[in-house]
Amino acid sequence: MAKADTMVSGRGVWRAVLPAVRRVLSADRPLVWLLPVILLLLSIGIYPLLYNLYNSFREFDPVSRQYENVGWENWTKLYTDGRVRGAVANTAVYVAIALVIEFALGLAIAMLLSTGPWGAGLWQSMLILPMVVPPTIAAVMFEVLENADYGSISWILYGLGILDKTEPLLGGTGRYATVAVLLPDIWQWTPFFVLILLAGLKALPTEPLEAAQVDGASAWQRFTHIIMPMLRPMIAVAVLFRLVDLIKVFDYIYVITNGGPGTDTEVISYYAYTRSFQNIEWGYGSTLGLAILVLAIVVANIYVKLLRVEW
Amino acid sequence: MVREGRALADITVDTSNYPSAELYEIAARKRRRRRRLAQAGRSLLTAAVALLFFAPILWWLLASFKPTTEILSARPSLIFEPTLNWFRVVIGNDDPTRFNVEQTGSVGRGSGGGTFYSLPYLRDSFVIAGSSTLLVLLLATPAAYALSRFPMRRRKDIAFWILTQRMMPPIVAAFPLFTVFRTLGWIDSYHGLILVHTAINAPLAVLLLLSFFDEVPRDLDDAAMVDGASRFGAFSRIILGYVRGGLMATAVLAFIFSWNEFLLTLVLTTGQIRTVPVASSTFTTAFATEWGYLAALGTASIIPIFVFILLVQRHLVRGLTLGAVK
């Protein structure tokens with residue numbers, strides 16, 4: 001209601017409207033019940049879209065502090081700008097690696113938990129916690145843990161011989177910078193898959209599995225031919241949600257690498273941010289924002305069509 | 001059922017070749033033991049995995065009580081001389097220079113544009129997350145109820161449109177909101193951020209609550225209205241009571257998402273208002289080595305969230321998938 005308050009400016013008006021609102025709410029008029037949310041989403045969801053569209057045909061001149069019309073220039077720049085291609089490629093790599101690892105690891109842990117180990121409840125609660133740590137805090141945590149000199153993760157990796165001190169996770173030549181920004185993502189969001197797939201596993205009917213066991217199916221056959229097909233709807237939903245969020249990835253990059261070294265970890269959201277708020281190219285920044293949205297919608301739609309996801 | 005001419009007693013079975021009951025017992029015990037061993041193995045593995053995921057949190061919690069030399073040692077240590085210095089500065093507003101001199105011998109600097117004293121950041125985060133949670137419940141509950149109950153031709157389309165709003169990358173909205181906020185003078189304002197965070201959480205709240213309302217039988221509404229309640233009365237006095245768990249889960253998730261939101265808050269503030277995620281990002285850029293303060297702020301900001309989330313653990317899966325997976 002406070003929303004309406006700010007919209008209608010002036011308490012007198014509001015007071016006069018209130019009885020009418022109550023009367024209207026008592027009738028079966030869905031629009032009235034939905035209106036506040038729809039207005040809110042329109043103002044914060046649709047308005048920016050239109051504004052970006054308008055902005056994408058002009059550019060801000062920091063010297064004269066004026067906008068000037070540039071026609072399609074911002075849009076053609078999307079094709080000629082090599083950093084766009086690089087950022088899209090970086091995002092694709094980031095999304096693909098994160099999705100595969102988080103899904104595989106999540107499925108494995110969910111299977112493990114579904115066999116009913118001792119203390120399953122406790123372990124499950126423990127696994128939830130990474131998900132609710134603010135991503136910026138998680139990023140900072142991993143920045144310390146990945147530090148070449150005093151980071152514990154680096155120390156463990158050196159000890160295991162996986163990593164060499166001349167090629168640290170952070171700094172150095174920056175060869176592993178992508179790994180460095182992926183680690184906090186994997187740490188925070190593998191539990192997401194664990195939770196959803198575990199819920200799926202627990203809800204599975206037991207008859208098909210028992211029947212398969214009686215018929216002599218091996219554990220692997222039961223997994224590939226019965227469990228996976230039955231889990232499919234859950235997997236589809238979990239991957240869709242993660243996919244949509246991964247395309248937006250920003251926080252870890254902003255905190256840990258700032259897109260560097262060079263532009264090696266520059267993802268699309270971060271690139272649009274630098275163009276808009278560091279280079280003050282507001283027109284081009286808006287164009288990039290729209291491009292990201294189009295990309296996200298296209299990818300999500302392809303995914304939904306491919307897997308015929310029933311939302 | 002005994003056939004004629006052949007009494008049961010006539011049938012004899014030679015049991016001398018059968019394994020004795022004892023042997024069966026031994027085999028069963030062996031099987032049980034093997035099963036228990038496998039169970040122990042799986043339990044151990046699960047525990048190891050869970051502890052691996054918990055380790056960074058534990059490390060961070062401990063770091064907030066460690067002196068700098070301990071934080072900056074690669075080998076994680078469990079035994080150390082605890083210090084409350086970080087919390088004294090972050091929560092108690094002590095002068096950090098004193099500790100800097102004690103520990104490093106130099107005065108050090110304040111963090112970029114802000115101080116390590118973090119109660120104001122925690123307060124800002126709390127005000128914004130708390131208010132936007134209340135507001136989103138206030139707006140989304142009637143909407144979810146309407147979507148669940150009223151006959152609507154485009155019900156599915158509206159629900160799907162709301163879902164797509166959740167997919168919007170924040171960077172798309174960042175700049176347009178920034179210009180509007182600048183025009184309205186809402187940069188660094190509570191109400192502006194509350195409104196934005198409410199909008200971010202609205203899709204989650206509507207869709208999640210919708211899934212809870214859908215589980216309450218419509219007969220209850222009808223019965224209430226037959227008894228003379230208005231539509232609004234049936235909603236507020238009868239049905240709301242049945243979705244209490246759902247409201248709680250929605251509130252917790254909305255609170256957490258608002259508490260964690262970074263990009264839009266970063267863009268729509270200049271430092272007068274600083275939420276925890278924004279403040280923590282300024283700590284690092286200005287100060288490569290003062291991790292202790294950051295650890296203390298992190299600890300202070302994640303503990304309440306841990307408590308909240310464990311309270312609604314039961315509904316977490318449903319919440320994270322906006323009601324798609326129950």
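In this predicted model, the domain assignment of chain B gives two parts, domain 1 covering 21–63 and domain 2 covering 119–320. The C-alpha centres of these two domains of chain B are 39 Å apart. One residue of helix α1 of chain B is B:A38. B:A38 counts as exposed, because it has 11 C-beta neighbours inside 10 Å and a residue with 12 or fewer is classed that way. From B:A38 to B:L320 the distance is 282 residues in sequence and 33 Å in space, C-alpha to C-alpha.

Helix α1 of chain B also matters for the contact between the two chains. That contact takes 77 residues from chain B and 81 residues from chain A. On the side of chain B that touches chain A, the largest share comes from helix α1 (residues 21–63) of chain B, with 14 residues. By class, this side of chain B has 59 nonpolar, 15 polar and three charged residues.

A pair of helices from the two chains can be followed in detail. Helix α14 (residues 282–307) of chain A and helix α7 (residues 170–184) of chain B have axes that come within 8 Å and cross at roughly 150°. The angle is over 145 degrees, so α14(A) is roughly antiparallel to α7(B). The crossing of α14(A) and α7(B) is left-handed. On the α14(A) side the contact is made by A:W282, A:G285, A:S286, A:G289, A:L290, A:I292 and A:L293, and on the α7(B) side by B:I171, B:V172 and B:F175. The contact of α14(A) with α7(B) has seven nonpolar residues, three polar ones and no charged ones.

Phi of A:I280 is near 55°, a positive value in a residue other than glycine. Most residues other than glycine have a negative phi. With 11 C-beta neighbours inside 10 Å, A:I280 counts as exposed. In chain B, the loop between α7 and α8 (190–213) contains B:D188. Here too phi is positive in a residue other than glycine, near 60° for B:D188. B:D188 has 15 C-beta neighbours inside 10 Å and therefore counts as partly exposed.

Within chain A, another pair of helices meets. The axes of helix α5 (residues 82–114) and helix α11 (residues 219–247) of chain A come within 10 Å and cross at roughly 145°. This crossing of α5(A) and α11(A) is right-handed. From α5(A), the residues A:T91, A:Y94, A:V95, A:A98, A:L99, A:E102 and A:F103 meet A:V239, A:R242, A:L243, A:L246 and A:I247 of α11(A). The contact of α5(A) with α11(A) has nine nonpolar, one polar and two charged residues.

Two other places in chain A remain. In helix α10 (residues 207–214) of chain A, zero of the eight residues are buried, so the helix lies largely in the open. After α10(A) comes A:G216, with a positive phi near 85°. The loop between α7 (135–145) and α8 (152–160) of chain A includes A:A148. A:A148 is partly exposed, because 18 other C-beta atoms lie within 10 Å. Leaving aside residues up to four places away in sequence, A:A148 touches A:S154, A:P168, A:L169, A:L170, A:G171 and A:G172. A:A148 and A:Y158 are 10 residues apart in sequence and 9.7 Å apart in space, C-alpha to C-alpha.

Conventions. Residues numbered from 1 in each chain as written. Chains lettered and ligands numbered in written order. Predicted model: local features only at pLDDT ≥ 70, side-chain atom pairs only at ≥ 80, totals over all residues. Axes fitted to C-alpha atoms, helices over the stretch in contact; angles between N-to-C directions. Helix = DSSP H or I, 4+ residues; strand = E, 2+ residues; numbered from the N terminus. Left-handed = near helix turned anticlockwise from the far one by under 90°. Contact = placed C-beta atoms within 7 Å. Nonpolar A, V, L, I, M, F, W, Y, C, P; charged D, E, K, R; others polar. Parallel < 35°, antiparallel > 145°, perpendicular 65-115°, else oblique. Buried ≥ 20, exposed ≤ 12 C-beta atoms within 10 Å, placed from the backbone. Domains from an automatic or database assignment.
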